[in-house]
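Subject: Structure handover

Hello,

Here is the structure I promised to pass on. Please open it next to this email as you read.

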Amino acid sequence: MRSDSDSDDDRATPATDTASNDITMAMVKGPLVAVNSAEIGMTADSKVLYSGPEDKKGRFQWKDQPPKDLEKPAEDAESLKHAILVRYVKTFGDPRRNLRLHSVVVQSPLLRELLGDVLKGYPGLSTELTRLEFSGQFEPLIHRWEQFTAAIEDLKTQAAALGPPESPQEEVTTDLAKLAVTTDTSIDANGTDGEIVQAAPATAGVRLKHALLLYDLLAIELKDTIETSSDMIKKGQISFNLMWTAFQPGSLVYAKVMQRDRVFRLQSSAYGHDNAGDPVFYLTMKYVDFDGTRHGTKKQIMSIAFFEGTKPFTSLSALPLASHPQQQVIKDRLTVRGAKVEALAGVQYRGYDGPGYFVNQNNEIEYVTIRGRVVIDALSWNKWVPNQAVYLTPLHAKESVMANGFNATAGDDDENDEYEEEDDYQELDDDMSFAPPTEDQEDKKRPALSPEQQMLCTPVVRGYALKEKLWVNMFVNNAKDVTFNTAAFESLVLPDGQKDMLLGFTAMQM
């Protein structure tokens with residue numbers, strides 16, 4: 001009598017033999033099925049598999065039959081005709097509503113064209129896409145709400161000048177097929193060529209109605225946020241929860257770093273937590289620096305700690321430059337300072353009187369007073385202080401920031417709100433590696449910085465203090481031209497004969 005295990009072994013033996021004869025075995029629901037390896041992947045067809053029922057841990061097996069509970073997709077050829085798609089989700093804990101706005105998809109080419117002007121220059125956003133989707137807190141639209149309302153007022157003025165439509169053809173339609181200019185020959189139901197349909201240019205009235213669809217929707221859904229934020233900003237106040245409404249990506253931000261005025265270009269912002277777990281509002285910004293070869297941008301991350309109620313902008317560690325009471329004075333002063341930084345690019349021999357700093361072995365900033373001659377040389381700094389080398393992104397590099405609340409494709413894009421706080425001297429960009437310049441690069445004239453780039457310049461220059469024998473970070477306003485003592489020879493104490501001989505010898509060598 002043979003056991004079940006013997007039977008199983010005997011049944012597996014032919015499979016092994018056939019595999020050696022160019023036969024592959026596949027397991028399908030238990031039994032072994034022989035497949036000729038020459039046939040694998042050669043059928044000109046696709047096999048579709050579907051996820052099966054999930055267990056308690058969310059795991060599933062693939063099946064060749066579609067789920068039985070599938071519903072018809074909400075977005076189809078019919079939905080493409082509408083100017084905008086509005087999506088709602090259930091909400092809980094709000095006695096005033098049971099649905100909240102989830103996202104809006106702008107499909108109208110007329111509305112996309114209008115938003116292209118309104119949102120021009122907004123980082124990470126392209127209005128040329130066929131599906132322009134906004135979600136989350138709709139940051140781009142709230143940040144440019146004033147421009148959006150101004151554009152609608154312009155359309156109202158244009159529509160009023162044209163008067164009421166004279167024919168039904170001028171009435172608004174959300175049929176994209178009629179709004180778009182058709183250039184291909186259409187095919188009728190009988191398969192014959194139809195006439196080419198050329199849509200007339202949309203009037204201001206049509207554009208206005210498309211714009212009002214989005215405006216009316218957002219004015220209702222985001223009314224509280226827009227009104228509260230606008231009122232606070234006008235009064236120079238802000239709350240922690242509405243901080244994001246005041247900091248628009250691409251705008252200028254004022255802050256004090258090492259007790260010195262600084263202006264940055266805001267790249268993005270997000271709520272998160274610091275190392276202690278306390279809520280903070282993070283600002284990721286860019287400024288201009290010099291790496292010894294060329295000017296470029298560097299990243300700076302700052303945080304605003306949580307606070308209750310509202311606070312004046314001037315009491316925050318960072319604030320929009322537009323909300324500073326002396327913004328023009330700051331712009332002018334920092335532009336002059338940036339011009340000094342630009343003038344010190346390369347290798348410069350200067351006098352210095354003031355504080356400097358370096359990072360010690362414990363990775364802590366250590367200040368030192370410098371009085372005397374210094375050599376400002378960022379290129380040598382990168383060579384001799386490699387752990388603090390300057391890595392920059394070229395000034396002409398395009399921003400890759402995706403603005404919060406904007407999605408270029410269907411679906412949601414999860415973002416990480418956690419940032420790791422870094423000190424000013426530790427922040428290095430990894431998208432650019434340092435390479436010593438060639439002789440041709442050193443001789444090549446550097447492009448001049450614009451006034452705005454000068455304003456964004458760091459006040460720090462790097463070099464070597466000759467008296468202290470230290471590589472240090474120095475502040476540009478403490479650097480000055482070397483003043484030579486013209487009466488030094490007269491003060492030299494030597495016998496008259498030796499002094500005259502030394503003067504004559506020196507004069508012969510010049």
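**Ground rules**

This is a predicted model, so local features need pLDDT of at least 70, side-chain atom pairs count only at pLDDT 80 or more, and totals for chains, interfaces and linings use all residues. Residues are numbered from 1 along each chain as its sequence is written, and side-chain values use heavy atoms, with hydrogens and water left out.

**The chain**

The secondary structure comes to 13 helices and 21 strands. Both are DSSP runs numbered from the N terminus: helices are H or I with at least four residues, strands are E with at least two. The chain has 510 residues, and 36% of them count as buried. Buried means under 20% relative accessible area, exposed means over 50%, and partly exposed is in between (1.4 Å probe, protein chains only). Take the contacts between residues at least 6 apart in sequence: 61% of these join residues at least 24 apart. A contact means heavy atoms within 4.5 Å.

**Empty spaces**

Rolling a probe the size of a water molecule over the atoms shows where empty space is left. The search uses a 1 Å grid over the protein atoms alone. A cavity is a set of points where a 1.4 Å probe fits but cannot get out. A pocket is an open set with protein on both sides within 12 Å along at least five of seven lines. Lining residues have an atom within 4 Å of a point. Points are joined across faces, edges and corners, and a volume is the space filled by probe spheres set on them.

Start with the largest pocket. Its volume is about 640 Å³. It is lined by 23 residues, and the closest to its centre are His143, Ile233, Thr245, Ala246 and Gln248. Which helices each supply at least two residues of this lining? They are α3 (139-143), α4 (145-162), α7 (223-234), α8 (243-246) and α9 (327-343). α7 gives the most, with 5 residues. By class, the lining has 10 nonpolar, 9 polar and 4 charged residues. Here Ala, Val, Leu, Ile, Met, Phe, Trp, Tyr, Cys and Pro count as nonpolar, Asp, Glu, Lys and Arg as charged, and the others, Gly among them, as polar.

Now the cavities. There are 3 of 30 Å³ or more. β11 (279-290), β16 (365-377) and β19 (460-465) each supply at least two lining residues. The largest share, 3 residues, comes from β19. The lining divides into 8 nonpolar, 1 polar and 3 charged residues.

**A helix pair**

How do α2 (residues 109-118) and α6 (residues 204-221) cross? Their axes come within 9 Å, at roughly 75 degrees. Axes are lines fitted to C-alpha atoms, for helices over the stretch in contact, and angles run from 0 to 180 degrees between N-to-C directions. The two helices are therefore roughly perpendicular to each other. The cut-offs are under 35 degrees for roughly parallel, over 145 for roughly antiparallel, 65 to 115 for roughly perpendicular, and oblique for the rest. On the α2 side, Leu110, Leu111, Glu113, Leu114 and Leu115 take part; they meet Val206, Arg207, His210, Ala211 and Leu214 in α6. These contact residues are 7 nonpolar, 1 polar and 2 charged.

**Single residues**

- Leu283 is in strand β11. It is buried, at 0% relative accessibility. Among the residues it touches are Phe247, Leu266, Met302 and Ala318.
- Phe138 sits in the loop between β7 (132-135) and α3. It has a positive phi of about 55 degrees, although it is not a glycine. At 1% relative accessibility, Phe138 is buried.
- Asn363 lies in the loop between β15 (347-359) and β16. Its phi is positive too, about 60 degrees. Asn363 is partly exposed, at 39%.
- Ala339 is in helix α9 and is partly exposed, at 33% relative accessibility. Its C-alpha is 9.4 Å from that of Ser450, 111 residues apart along the chain.

Best wishes

Technical notes: Lists of a residue's contacts leave out its neighbours within four places in sequence.
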